[in-house]
Every structure is written in C-alpha cells, then in structure tokens.
Amino acid sequence: MKNFSALIQKHQLFEKGSAIVIGVSGGPDSLALLHLLNNMRETWQLKLIVVHVDHMFRGEQSEAEMNFVLSYCRDLDIICEAKQIDVTEYARRHQLSSQVAGRECRYQFFKEVLDKYQAHYLALGHHGDDQIETILMRLVRGATGTSLAGIQMKRKFHHGFIIRPLLPYTKEEILNYCRKQQLLPRFDPSNEKTNYTRNRFRKYVLPFLKKENPLVHERFQHFSETLLEDETYLQELTKKYLNTVLKRKEKSKVEIEINGFLELPMPLQRRAIQLILNYLYGTIPASLSSIHIENLLTLLSQNHPSGSLDYPNGLKVIKSYQNCLFTFEQEEVKAYYYELDFPSSLILPNGYVIKSELVRNASIKRDRNETFLLNMDSFDKPLIVRTRKPGDKIQLKGMIGRKKVKDIFIDEKIPIHNRSSWPIVLDGNGRILWIPGLKKSMYEAESTGNGVFVELQYKEL
Ligand SMILES: Nc1ncnc2c1ncn2[C@@H]1O[C@H](COP(=O)(O)OP(=O)(O)OP(=O)(O)O)[C@@H](O)[C@H]1O
C-alpha cells in the first residue's frame, strides 16, 4: 500500500488542506484507512474527523467497539464523533430491514458530522473485494447502467463527495497492512450473517476468480472506471435525443412519441427508458430489472397499435398509437355530464374548454371540427356535454347511417387513455351533435344568414 498518496493524486480524490470525515467501524478496512490518511495528515495538512455509529445490535460488544474507536482516536489526537442509535427500534418504526435501517441512520449521522465540521469529504473503507462482489451481484440480479459499475471511487454526496481510496486494494492486502502496522481491528461477527447473498459470492466465487487471476480486482476496478466513463457520455447523449421525442413531462407522468423514439439507436433507446424510469421513480425499486426494459422495447417496436405493461409500485406503461405514456396515475374513467348554457365557458376535466356564444349572421367553418354551429330554433334544449357511453352512435354529416363513436376514436387514433375523458355534445333528445375536435353530425346548421345561432368552440385551456 506504498502507493497510497500517489493513488489519491491520480484519482484526484481530495486536495491538500482538505477536511475529511472518516467512517470508522473499528474493522480492519476502516482502521487501515484511518491509519493511511493519518500518515498523510501532516504533509497534506489534512483536517481529519472520525465518525462512528454504534447500531446497538450487540449490546456491550458493540459498545466496546465504539470505545475502542474512541480511544484509538484519542491516541492519534483525532476528533471522534460517536453516536449510539437504536437501529432495531428505527427499523421497526419505519418497517425496514435492519441492514437498510442501519445504513439510513449511519448516513444521516455522517451528514450531520460533515456539516458540523464543514467538511466536503467522507472517506469510507470499501475495498477491491467489495467491488468484485458488488459488480457480480448486480450483474446477476439484472441491474443496468451506471449501477453495473459497482462502487464509485468518488461520487457526489451531500455538499461534497464520498471517497473510497481502498478500492484498488484487496482484503488480503488490507489485513497484511493491519498486521504490519500492528493495528488491532475488531471483527464484527454479525457481518458474516447479515448479507447472505454477498457472503455466498465471497465464499464461492471470489476464490475461483482470484485463482484464475490474482490481480482480478484490478481488472474489475478498470472495468468499473471505464464503464462509468462510457455510461456518463452515453447518458448525456441520451438526454439530448430524448428531449426531441418527449411530449410531456410531469411529476408522475411522462409521454413520448414512439416513431421518433424508434429512430434512435438501440443503446440510446434503452438508456432513454432508464432515464424516464429514474425520473419517475426517484429511487428505482429493487424489483425492476432489465427484463422490464426489454419487454417495453418489444411492445414499442411491434405493429400492434396499443398495449400496456405493469411495472413495480403501480407504474403503468401504456402504448397507444403514436404515443407511449408512463404514469403512476390510475386512469379511472373520469365520466362527467354537464348542461351547457349559452353563452358560457365550460372547463372540461381533460384540460379543454367548450365556449358557447349566441351570434347573428354566423358563417359555418365546415372544414374545422373545432367549431360547431346550431340554429337556435332547430334543436331540443338543453345542450348536454358528457363522456362517451357504450353504444354511442353519431349520424355524420354527408353520410348515410350512423357510425359508432368507438370506431371514430379508433379511426382518429385517439390514445385509449384520452377516450374516457373526451367530450361529446348532445341535444336534449339524446342525439349526438358533435364530437369536438373530431367529427360533426348532420345536425349542424346548414345555411347561414339571418337568425340566432349558437356557436360552439372547442379549445385547449
Ligand atoms: N458503524 C459504522 N460507523 C462508521 N463507519 C462505518 C460503520 N460501518 C461501516 N462504516 C464505514 O463504511 C464502510 C463499509 O462498511 P461495510 O459494513 O461494508 O464494511 P466493513 O466490513 O464493516 O468494513 P470495516 O472492515 O471497516 O468494518 C466501512 O469501511 C466504514 O468506512
């Protein structure tokens, strides 16, 4: 571990004069990290602060570990911020596993200590074996994107960075270092029990890989760093192209235009979906895997005009003609029924408005389905605006026989999720007069001239 300070420089982990908070559990990794950083303290003019959390999992034993860290820091003349947190109680209250709860409590306290000392760096003792295990576990679980790069040597955290200077070293090198420097780390027996999956990788896979190549950890670290670089570049590119096919982006809804999306190269398509999911979920649920993304890519490229997928935590992905909607909102049928006065402005639940006016000497705008004209004397009052009902039919202008409203929605390629809130205008006798924006019935006023007309307009709010 001679090259430690060269490594800090090479990866630009921190600069001279930095204040660094070091997470020290009392185990070999973090103790070695503390020792190494302490060796640099003078020449690099570092301000070091140790932070320790006693999770109170093992009563007196874990308290003894805390006291060990406190006394070791006293010997080195380094400030130590130690805190006892009843993680079992926290886990019960928030319905979390003890592992997740421990992590939350730990990182919360880390932040408090960073703030207290206005430090920008939090140093943790993850090493090369942790890196191999993490990457393999994620690969096997089906993770995607930057997550496959495993543990990052330097990543943004709070108002600064988390740094992990031990990633280029193996566990064995760290244990040797502890022995040589006569450090006496504490070994937490619960470490062995808490993470079963990781332990299996450690026990069965790592020995095999190390036998194949004793420097396998360097290969994994190199893989992690280059993957992260490639991924960062591709994600920037994806953002740029995704913006060109984005139709709407709200807190719990994103809609894209499918044709434009399918023109993007496949690596960008995959990442675009990932970006949308990151945005909507905030934190991606563990149950979401690359299979979900593959299924969606298949759905989008199929000829079938519509279809939907159910993603974890209630996210629905709905393909409908040219559009694909990602939504957490339950698209319950927003049926409505209004009487339309004239003159008036009726605001509709779909974000549109129907405006009615009384006019004289009106002229028919035959080519526009956004307006509709009625002769005041020729229809039964009141005018009704409501959502569709099964079996609705309309007598179209210039056509013999009646046409199903459902077929009009299909012909006009109206997305399924828009159909249930689309307005339909009827007269007092229940005859469908107009499907605003789409089709007019034969009941529109035929001739203009003298008389009183009701002019209806359909527009976006
Ligand atoms: N209770 C704790 N208090 C302070 N820092 C901690 C604590 N637990 C873990 N850390 C920090 O997080 C790093 C990773 O923790 P993890 O539990 O994965 O490793 P570990 O095997 O416990 O490491 P170590 O050999 O240092 O105990 C540790 O090296 C240490 O820097």
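This is a predicted model: local features need pLDDT of at least 70, side-chain atom pairs count only at pLDDT 80 or more; totals for chains, interfaces and linings use all residues.
Let me begin with the ligand. In this model 15 residues surround the ligand, and the closest are G23, G27, D29, S30 and G125. Two elements each give two or more residues to that shell, namely α2, residues 28-40, and β2, residues 47-54. Sorted by class, the shell comprises 8 polar, 5 nonpolar and 2 charged residues.

The database record may be set beside this. An unreviewed UniProt entry lists S25, G26, G27, P28, D29 and S30 under "binding site".

S25 sits in the loop between β1, residues 19-23, and α2. Is S25 buried or exposed? It counts as buried, because 23 C-beta neighbours lie inside 10 Å and the threshold for burial is 20 or more. Leaving aside residues up to four places away in sequence, S25 touches S30, H52 and D188.

S30, by contrast in setting, belongs to helix α2. S30 also counts as buried, with 23 C-beta neighbours inside 10 Å. Under the exclusion of residues up to four places away in sequence, the contacts of S30 are G23, V24, S25 and G125.

I turn now to helix α13, residues 290-301. How far apart should the ends of this helix be? At 1.5 Å a residue, its 12 residues should span 16 Å, and the end C-alpha atoms are 17 Å apart, which agrees. The buried residues of α13 are H292, I293 and L296. Viewed down the helix axis, these buried residues fall within an arc of 95 degrees, so they line one face of α13. As a general point, an α-helix has 3.6 residues a turn, so residues three or four places apart point the same way. The face of α13 turned away from the buried side carries the exposed residues I291, T298 and S301. Covering the buried residues of α13 are elements including α12, residues 266-281, β9, residues 306-310, and β10, residues 316-320.

Next, a residue in a strand. T327 lies in β11, residues 323-327. T327 counts as partly exposed, because it has 18 C-beta neighbours inside 10 Å, and burial requires 20 or more. Which residues does T327 touch, not counting those up to four places away in sequence? They are S252, K253 and K316. T327 and V254 are 73 residues apart in sequence, yet their C-alpha atoms are 6.6 Å apart in space.

Finally, the backbone. The peptide bond from F342 to P343 is cis, with omega near 0 degrees. P343 is placed in the loop between β12, residues 337-340, and β13, residues 344-347. A cis peptide bond also joins K381 and P382, where omega is about -5 degrees. P382 is in the loop between β15, residues 371-375, and β16, residues 383-386.

Two residues other than glycine deserve mention for a positive phi. Y321 has phi near 55 degrees and is found in the loop between β10 and β11. Y321 is partly exposed, with 15 other C-beta atoms within 10 Å. K413 likewise has phi near 55 degrees, and its place is the loop between α14, residues 405-411, and α15, residues 416-419. K413 counts as exposed, with 12 C-beta neighbours inside 10 Å.

Notes. Residues are numbered from 1 along each chain as its sequence is written. Helices (H or I, at least four residues) and strands (E, at least two) are DSSP runs, numbered from the N terminus. The expected span of a helix is 1.5 Å times one less than its number of residues. The arc is that of the directions from the helix axis to the C-beta atoms. Two residues are in contact if their C-beta atoms, placed from the backbone, lie within 7 Å. A residue is near a molecule or strand if its C-beta atom, placed from the backbone, lies within 6 Å of it. Ala, Val, Leu, Ile, Met, Phe, Trp, Tyr, Cys and Pro count as nonpolar, Asp, Glu, Lys and Arg as charged, and the others, Gly among them, as polar. UniProt positions are given in the numbering used here, feature names are shortened, and annotations may be inferred rather than shown by experiment.
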